[in-house]
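Hi everyone, thanks for making time today. Let me put the structure up on the screen, and then we can walk through it together.

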Amino acid sequence: MTAKRLCRIGRLLLACAGLALVLIPNGMRFTGYLFLGILAVWYCGLLLCHWGKKSRTGKICYRVFLAGAGLGVVCLAGIEAAVVFRGEADNSGVPVDAVIVLGAGVNGETPSAALWSRIRAAEDYLEKHPEVPVVLSGGQGPGERITEAEAMRRALGGEDGAENARFLLEERSANTAQNFAFSKALLEERGLDTETAVIAVVTNDFHCFRAHMIAQKQGLNIVDVPAELPWWWLTANYYLREAFAVVKTALFD
């Protein structure tokens with residue numbers, strides 16, 4: 001089989017996989033868009049290569065394209081490595097003054113897979129740190145009949161609600177920056193000096209690096225409590241997406 005035929009098969013597979021992941025509800029839409037984006041870049045490279053065979057200007061543009069694509073891959077690989085490294089941290093033994101559990105999607109009143117994993121990680125962590133105040137942070141988005149904070153309270157409070165007095169509910173936030181800003185205000189109202197306090201943040205492993213970036217911008221000293229997703233394909237999808245989200249946060253947020 002020739003290299004050209006292998007490339008055609010590769011482009012066809014990228015197109016089919018990308019369209020399937022985008023059009024079929026499966027929680028991996030970002031990976032589908034990424035496949036289609038790679039396909040578009042591939043075709044741009046082919047056009048520039050064809051132009052480069054006919055024109056000196058085209059050859060220069062093709063070389064610039066290759067250099068830019070290579071640099072982009074190296075940068076994204078470096079960011080991905082940092083995201084993975086941060087998500088594997090074990091800070092369970094670090095003394096903390098408070099805990100913030102970041103919300104994730106709720107399907108009606110049922111926590112999503114990402115939120116369930118955070119709830120389980122928070123449950124384990126709070127058993128080891130029974131005295132510290134806890135902020136459950138997350139507002140109400142499209143398709144959610146209750147706030148993310150309330151969904152976490154119901155899951156963590158138990159049937160008798162014995163733990164509820166320990167929880168501070170932050171129910172206004174719509175993104176991670178607001179999670180931290182509003183949670184910080186709640187903890188300060190509780191009397192915590194957030195400038196010197198060490199705060200544990202429970203979130204998914206893939207999200208730890210970016211959450212750390214955002215918390216530092218708001219003057220918070222945090223330690224990560226990573227929660228693992230139950231399915232590897234969702235984890236791969238979110239890790240891929242997170243590298244691009246880190247770039248967006250660094251440049252625009």
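Here is one to start with: in which helix do E123 and R120 both lie, and how many residues apart are they? They sit in helix α4, residues 113-128, with a spacing of 3 residues, or about one turn of the helix. Before going on, please keep in mind that this is a predicted model.

The side chains of E123 and R120 meet in a salt bridge, with 3.5 Å from N to O. Both partners are partly exposed: E123 has a relative accessible area of 30%, and R120 has 40%. In total, the structure holds 7 salt bridges.

Let's move to helix α5, residues 148-157. E150 and R154 are 4 residues apart there, so about one helical turn separates them. Their side chains form a salt bridge at 3.0 Å, N to O. Buried or exposed, what is E150? E150 is buried, at 14% relative accessible area, because buried here means under 20%. R154, on the other hand, is partly exposed at 40%.

R210 forms a salt bridge with E242, and their closest N and O atoms are 2.6 Å apart. R210 lies in helix α7 (residues 208-217) and E242 in helix α8 (residues 232-252), so this contact ties together parts that are 32 residues apart in sequence. Both R210 and E242 are buried.

On to the sheet. In what order do the 5 strands of the open sheet run? The order is β5-β4-β1-β6-β7, and the pairing is parallel. At the edges we have β5 (167-170) and β7 (221-227), each of which pairs on one side only. Neighbouring strands of this sheet are turned by 25° against each other on average, ignoring direction. If you zoom in on β7, you'll find that β6, residues 198-204, pairs with β7 in the parallel sense over 7 bridges. As an example, V198 has N221 in β7 as its bridge partner.

Last stop, the surface. L6, I9 and L13 form a nonpolar patch there, with about 270 Å² of accessible area together. I9 has its place in helix α1, residues 3-23, and is partly exposed, with a relative accessible area of 33%.

That's my tour, and I'm happy to go back to any part of it.

Conventions: Residues are numbered from 1 along each chain as its sequence is written. This is a predicted model: local features need pLDDT of at least 70, side-chain atom pairs count only at pLDDT 80 or more; totals for chains, interfaces and linings use all residues. Side-chain values use heavy atoms; hydrogens and water are left out. Patches are made of residues with over 30% relative accessible area and no salt bridge: like charges are joined within 9 Å, nonpolar side chains (Val, Leu, Ile, Met, Phe, Trp, Tyr) within 5 Å. Accessible areas come from the Shrake-Rupley method with a 1.4 Å probe; for residues, only the protein chains shown count as cover. A salt bridge is a side-chain nitrogen of Lys or Arg within 4 Å of a carboxyl oxygen of Asp or Glu. Helices (H or I, at least four residues) and strands (E, at least two) are DSSP runs, numbered from the N terminus. Buried means under 20% relative accessible area, exposed over 50%, partly exposed in between (1.4 Å probe, protein chains only). Two strands pair if DSSP finds at least two bridges between them. Axes are lines fitted to C-alpha atoms, for helices over the stretch in contact, and angles run from 0 to 180 degrees between N-to-C directions.
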